[in-house]
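Work through the exercises below with the sequence and the structure side by side. Try each task before reading its solution.

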Amino acid sequence: MTCNPAVDRRTILKGATAGAALSITPLRHVRAAGTPVKVGVLLPTSGVLAFLGQACRRGIDLGAKMMAENGAPAVEILHVDTESKAEQGRVAAEKLIREGCSVLIGAFDSGTTISAAQAAEAAKVPLVVNIAAAPQITSQGFKYVFRNFTPGATLVYNAVARIKELSSLTGVSPKTAVLMHVNDTFGHAVAKGVDILWQKLNVPIEIVDTISYSRLAKDMSVEIGRAKAAKPDILMPVTRVNDAILIVRELVKQNVELFGVIGPGSPGPYEKAFTDATGKYGDEYMDCVPWYDPTRVKTRRAIAAFAEAYPDQRFELNVGFSYEAVEIVADAIARAGSGEPGALQAALRATNLQDHIMYGGPITFDETGQNPNIGGVLLQNQGGTPKVVGPAEIAVAKPVFPMTPFAER
Amino acid sequence: MVRRERKRTGRPRGVVAATAFFCALFLVPHLLDDAWVAVLTLVLFFAFVGQAWNLMMGHVGLLSLGHALFLGIGGYTTAVLLQDYGMTPWIGIPAGALVAAMVGAGIAWLGFRFSVRGVYFALLTIAFAEFFRILFSNWPLIGGTGGYFLRVVPEDNVPLLSLRGGADHFYYLFFVLFLVGLIVSARLVRGRIGMFWSAIREDEDAARALGVRSFRLKVLVVAVSAAMTACGGGAFALMNGSLFPNTLMGMQMSIQIILAPIIGGLGTLFGPFVGAVFVVLVLEFSRDLGQTAGVYGLSTLIYGLTVLGVILYMPEGIWPRLVRLAQPLRRDR
């Protein structure tokens, strides 16, 4: 939770009055010609996903600011907090549609996104998904849903491909691996995907054990002990932030010697919270995720603007994909020449953004509404910062592999 | 004399008030926009499942802290029968209610067979809810923790047949459920069974000594409550389009279910609705306030403080307090 020193009793009263007035006034599609197009944003800025939702919000706000500076059509961003509750997706979407939003962006988690998509589809208002990995979001037949994020299977495919490349990139060939995964929606899906793709892509590394653990785990000593006993060359944890920190601490405590720790499509290790908490022990931890392309001028500009606006935060994938969602919407508005939802849907379907910040091909949407051109990179924390070490075409650093033993750091 | 007096004055007035209330509820989609309709749909949902929970706790004194289990059973049964077997929710929802009633009766039978009472019964409900949540989380046929998703409503959808549609449709679906739930509860509570239930709630041993078959009646209330909650779960699944064991069957949902009847007034027929209005609307206004002030989490803070205030100053619930406040007015007339 952030604290705003400018909030006093009067602000609260004004806010309450404005909030109450806003809530009871029906404003459906009331828009005068020439006024900014209203873009509704649904994100979990409070509740269990608040940390990630707030990162997305920073990306949205930065995107809107930079689009305005670049002369894009005027947009007005309206935020609604989904409080990390799936059922709030529909309510939040209805609310934004009522307030005259012609297009929606959201909603970070798959349950909320599906819930919001139902309302958007019924109202025929396009929904641009910034982040949500469930494959069903674009396979259930929605016509107004456009996703610029990798579905679970692609995320894992890219990750496994990057791990397979690692040998040729470093000249070191690990033989065995242990897969660890958090037993939640995401962890379960990724672990299943890794299992399937490992065979399909013929990865020459044997997975000797698969260990799942509770998403509420407070101690990983047993799991790491079991992984250590399997004597793997690499450990592949599918984690969130907190469990990734616990894993590193336990690896150090039990002095586990490995060639490397590589998260296959795992959120967490690239977060500032992770590198701050683990310090030098979090260095050389690898992760395969969709990421920004550090070689592009546009990306460097966005990162510089972000550093100026949020000096204590990190520009990572949540920020990047949210930023791109605004860019996609601004591009569609410019091409549609109107804020009418139907025209925006048609424009979104014809999207072809060549120059954008995230790694991969041009942003386009197939007949299901999915962008099929999103790539995945191999990241490695070096000096407390995640750096792209693969693929070679966009790498900004060389991978350290095998990693430095924890005892020698 | 007193009874005749009540018949002449109290009841007609009550009937008029109730009719006006339901007419107003019926007209909501015609008066308000879809966003408000979506919010009030949540009110009706929590009022309905709160009513179901209230049958057990408010009228028989059986505390369940795992009611999300029945919500999940109803939701998953309806969704799986619709998606995988092409069965209309007109069959899916009653089927879910039947399964939930059987599971509920099974839990109750097991608990009451071994004289599990009070907080121990509450612990038993938590244990079963967690057991089923973990079971569902690891059941590949229903997507496990990855969730179960319903396909998009087709273009040629007939809402009355598919029970799926827009904001107005789901409002009326929950309106009907709420109305039916209220009538069923009123008939049960005010009838012979309700008298026995009250006797069990006040003193089970004394009731048994007087010949009340407490075991059978307690199993019955759990089964009815579970079936009602499952109906709510089925409709909720149709509305959301996706189901996840951790959110639908988790402890947080169980707590959300019981908040409305506790705040509205335990053991009252109208308390769950009043509580649901309070809980959902306070959250809505505090969310707007939080957004306007630009402070993350302010809504949760305001919501928590408001609920705390109600529990402190109206421990018996809002509805009993409102009724008490209305008494002098009635006498004045």
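**Exercise 1.** Determine the hand of the crossing of α3(A) and α4(A), and list what makes the contact.

*Solution.* The crossing is right-handed, a term used when the near helix is turned clockwise from the far one by less than a right angle, anticlockwise being left-handed. This is a predicted model, in which local features need pLDDT of at least 70, side-chain atom pairs count only at pLDDT 80 or more, and totals for chains, interfaces and linings use all residues. Residues are numbered from 1 along each chain as its sequence is written, while chains are lettered from A and ligands numbered from 1 in the order in which they are written.

Next, take the geometry: the axes of α3 (residues 88-98) and α4 (residues 110-123) of chain A come within 7 Å and cross at roughly 35 degrees. Axes are lines fitted to C-alpha atoms, for helices over the stretch in contact, with angles from 0 to 180 degrees between N-to-C directions; helices (H or I, at least four residues) and strands (E, at least two) are DSSP runs numbered from the N terminus.

Last, the contact (C-beta atoms, placed from the backbone, within 7 Å) includes A:Ala92, A:Ala93 and A:Ile97 of α3(A) and A:Ala116, A:Ala119 and A:Ala120 of α4(A). Its residues divide into seven nonpolar, six polar and two charged, where Ala, Val, Leu, Ile, Met, Phe, Trp, Tyr, Cys and Pro count as nonpolar, Asp, Glu, Lys and Arg as charged, and the others, Gly among them, as polar.

**Exercise 2.** Which residues of α10(A) are buried, and which exposed residues does the face turned away from them carry?

*Solution.* Begin with the helix itself: α10 (residues 297-309) of chain A has 13 residues and reaches 18 Å from its first C-alpha to its last, close to the 18 Å expected at 1.5 Å a residue. The expected span is 1.5 Å times one less than the number of residues.

The buried residues are A:Thr299, A:Ala302 and A:Phe306. A residue is buried if 20 or more other C-beta atoms, placed from the backbone, lie within 10 Å of its own, exposed if 12 or fewer, and partly exposed in between. Seen down the axis of α10(A), the buried residues fall within an arc of 65 degrees, so they line one face of the helix; the arc is that of the directions from the helix axis to the C-beta atoms. The face turned away carries the exposed residues A:Val297, A:Ala304 and A:Glu308, and what covers the buried residues includes α2 and α11 (317-336) of chain A.

How values were computed: Two residues are in contact if their C-beta atoms, placed from the backbone, lie within 7 Å.
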